[in-house]
Amino acid sequence: MARVTAKYLPFAMCMGGVLYTASEIVLKLLGTSICGSLGCNVVSSFARYGDVPVLFMGVSFFVVMTAFTLLVASGREDLGVRFFGRQIRINLHMAVMVMIMAACAAEGYLVGFQLYSAGAICTYCMGMFALVIVTMVTYAVVHGRAMILSGVLTFCAVFMVTSLVNSGG
């Protein structure tokens with residue numbers, strides 16, 4: 001029974017990501033934010049098109065991850081889709097790993113940017129970073145996919161490069 005419940009943990013984490021990000025979108029559209037820190041205003045002032053498009057990318061990530069983790073929890077290993085008239089199969093574990101690595105790369109840049117360029121920390125963004133990492137670790141533990149932890153290396157690589165390129169001084 002515990003294994004049945006545990007396999008839905010990554011799904012629950014992704015649902016939390018959808019709710020967390022969607023809440024921030026609604027609040028931003030209403031002129032406020034989950035983030036109460038001054039760093040949030042500093043960081044969002046650098047967003048070329050405002051922070052709502054970035055938030056939509058985040059909610060899109062979590063919606064797709066929610067669907068994939070639910071399919072995996074339901075026992076699906078792959079997904080058949082039609083692509084340019086051809087039937088192809090997508091390995092769901094591999095798709096989740098690629099998405100986690102992409103999210104870790106994005107977080108590596110965003111965290112690095114906050115520390116090295118903006119000189120301010122957005123607490124909402126740090127919450128999102130924590131949610132991505134916890135989702136990654138939960139998926140790795142529940143589904144026995146330690147390879148997904150390569151997202152940590154992806155984060156570190158992008159974070160380190162950001163520290164070299166985007167100097168605050």
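In the hairpin of β1 and β2, two residues lie between the strands, and Phe84 takes a positive phi near 50°. Strands here are DSSP runs of E with at least two residues, helices are runs of H or I with at least four, and both are numbered from the N terminus. The model is predicted, so local features need pLDDT of at least 70 and side-chain atom pairs pLDDT 80 or more, while totals for chains, interfaces and linings use all residues. Residues are numbered from 1 along each chain as its sequence is written, and side-chain values use heavy atoms, without hydrogens and water.

Strands β1 (residues 78–83) and β2 (residues 86–91) pair in the antiparallel sense over six bridges; pairing requires at least two DSSP bridges between two strands. Val81 has Ile88 of β2 as its bridge partner.

Helix α6 (residues 123–143) has 21 residues. Its first and last C-alpha atoms are 30 Å apart, close to the 30 Å expected at 1.5 Å a residue, where the expected span is 1.5 Å times one less than the number of residues. Buried residues of α6 include Met128, Leu131, Met136, Tyr139 and Ala140 (buried: under 20% relative accessible area, 1.4 Å probe, protein chains only). Gly144 follows α6 with a positive phi, near 60°.

The largest nonpolar core has 37 residues; such a core joins buried Ala, Val, Leu, Ile, Met, Phe, Trp, Tyr and Cys residues through side-chain atoms within 4.5 Å. Phe62, Ile100 and Ile148 touch the most other members. Elements giving two or more residues are α2 (9–29), α3 (38–44), α4 (51–73), α5 (92–118), α6 and α7 (150–165). The largest share, 11 residues, comes from α5. Leaving aside residues up to four places away in sequence, Ile148 touches Val96, Met97, Ile100, Met136, Tyr139 and Ala140 (contact: heavy atoms within 4.5 Å).

Terms used: Buried means under 20% relative accessible area, exposed over 50%, partly exposed in between (1.4 Å probe, protein chains only).
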